[in-house]
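Dear colleague,

Please find below the structure I promised to hand over. My findings follow directly after it.

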Amino acid sequence: MTGLDGKEERGSVRGKTRTLLIKTPEGIVFSLLLAGPITRFLAWVVDFAVIAAAAGVARGLLSFAGLISIDLSRGLTVLAYFFISIGYGMTAEWRWRGQTIGKRLLRLRVMDAQGLTLRFSQVVIRNILRFVDSLPLFYAVGGVACLFSRRAQRLGDIAADTIVIRIPETMNPDLDQIFAGKYNSLRDYPHLCSRLRQRTTPQEAALALQAVLRREEFDPVSRVALFRKIDAHFRSIVEFPEEAMHGITDEQHVRNVVDILYRPRGEDAVNRVP
C-alpha cells in the first residue's frame, strides 16, 4: 500500500506466509504479502540473464581495446559489467515503480517498508548494496538475511528501508454491481482519465478499491477520514475541472476514480458510478 498522507504508518508481520500488516492512523489495517527468498532468487535469475546478455554485447563492443592492451580490454569489460548491473536495477525499479523484468514475470514489486512512495534514494541504496548481498555466490548473504528477517529483507532492503511484496492475481471487480449504475462525471474528460491511469501505481489503485469494497466495515469517523485522505491524494495526482468535481463527496470521488482505474478502457463511454 502506498501511504496517502506522507506520514509513516505502523506495520507488523504475522503468519507463516509473512504478511505485512500496515495500520493507518484511522485504525484501518491493510495487508501485503511479502516475497520469500526463493521467489526473489528466481526473479534474480531472470534479471541476471538480462544483465549477462547486455554485458556480452558491451564486451563485444569493447573488444577493440584488446588491440591496444589486453589488460585495458579486461578492465573496461569489468567496468561495463558493473555499470550495467547497477544501472539496470536502478533504472528499471525507478521507471517501473519497483519492478525489473524478473520481478514483473514473478509478480514482485519493491516498496517502501512503511507503505510510502518509493524514493529514488532507496532504489540507489538497495542496488548499490546488491554486491554485498550477492557474496560469496548466488546471493548467499542476501538469502540468509531474508530467512532471518521478519520482513524478508536482504541487507540492501534493510539499509534502504524497503520490502519486496508479491502481487496476487486478481480479477477486475464487477463495477456495475458495486456502483449501482450512476453517472461518473470524470469520464467526460478522457484525456485526464488516461493521465490518471498512467500516474497511479498498482498499490494506490488496490488501496482505493479495497477502501470502496470495505467501506461498510469502517465506523463513520474513520470512514470519512480515510476517504478524505485518499481523495486528497488522487486530487494531487490529476486535477479535474471544477465542474467535474462539483457536488460530489470525497467518497464519491474515490469511487469514480476506482471506476476509471478498473473498468476496461473500451467502456469509457459507459459513464456509470455514483
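In this predicted model, Arg-187 and Asp-259 form a salt bridge through their side chains, at 2.8 Å from N to O. Since Arg-187 lies in the loop between helix H8 (175-179) and helix H9 (190-199) and Asp-259 in helix H13 (residues 250-262), the pair ties together parts that are 72 residues apart in sequence. Arg-187 and Asp-259 are both buried.

A further salt bridge joins the side chains of Arg-215 and Glu-251 (3.6 Å, N to O). Here the loop between helix H10 (202-213) and helix H11 (220-237), which holds Arg-215, is linked to helix H13, which holds Glu-251, and the two residues are 36 residues apart.

Asp-157 and Arg-40 also meet in a salt bridge, at 2.6 Å from N to O. Asp-157 is in helix H7 (residues 155-160) and Arg-40 in helix H1, 117 residues apart. Both belong to a network of salt bridges that also includes Glu-93, Lys-103, Arg-126 and Arg-130. The whole structure contains 13 salt bridges.

I would also draw your attention to the second largest pocket, which holds about 620 Å³ of space. It is lined by 31 residues, and those closest to its centre are Trp-44, Arg-130, Ser-134, Phe-138 and Tyr-139. Helix H1 supplies the largest share of this lining, eight residues. By class, the lining has 18 nonpolar, seven polar and six charged residues.

Finally, Ile-38, Phe-41, Leu-42, Val-45, Leu-137 and Phe-138 make a nonpolar surface patch of about 620 Å². Ile-38 is part of helix H1 and counts as exposed, because its relative accessibility is 66%.

Yours sincerely

Key: Residues numbered from 1 in each chain as written. Predicted model: local features only at pLDDT ≥ 70, side-chain atom pairs only at ≥ 80, totals over all residues. Heavy atoms only, no water. 1 Å grid on protein atoms, 1.4 Å probe; cavity = no way out; pocket = protein on both sides within 12 Å on 5 of 7 lines; lining within 4 Å. Points joined across faces, edges and corners; volume = space filled by probe spheres on them. Helix = DSSP H or I, 4+ residues; strand = E, 2+ residues; numbered from the N terminus. Nonpolar A, V, L, I, M, F, W, Y, C, P; charged D, E, K, R; others polar. Patch = residues over 30% accessible without salt bridge, like charges linked within 9 Å, V, L, I, M, F, W, Y side chains within 5 Å. Areas by Shrake-Rupley, 256 points an atom, 1.4 Å probe, with all protein chains shown as cover. Salt bridge = Lys/Arg side-chain N within 4 Å of Asp/Glu carboxyl O. Buried < 20%, exposed > 50% of the residue type's maximum accessible area, 1.4 Å probe, protein only.
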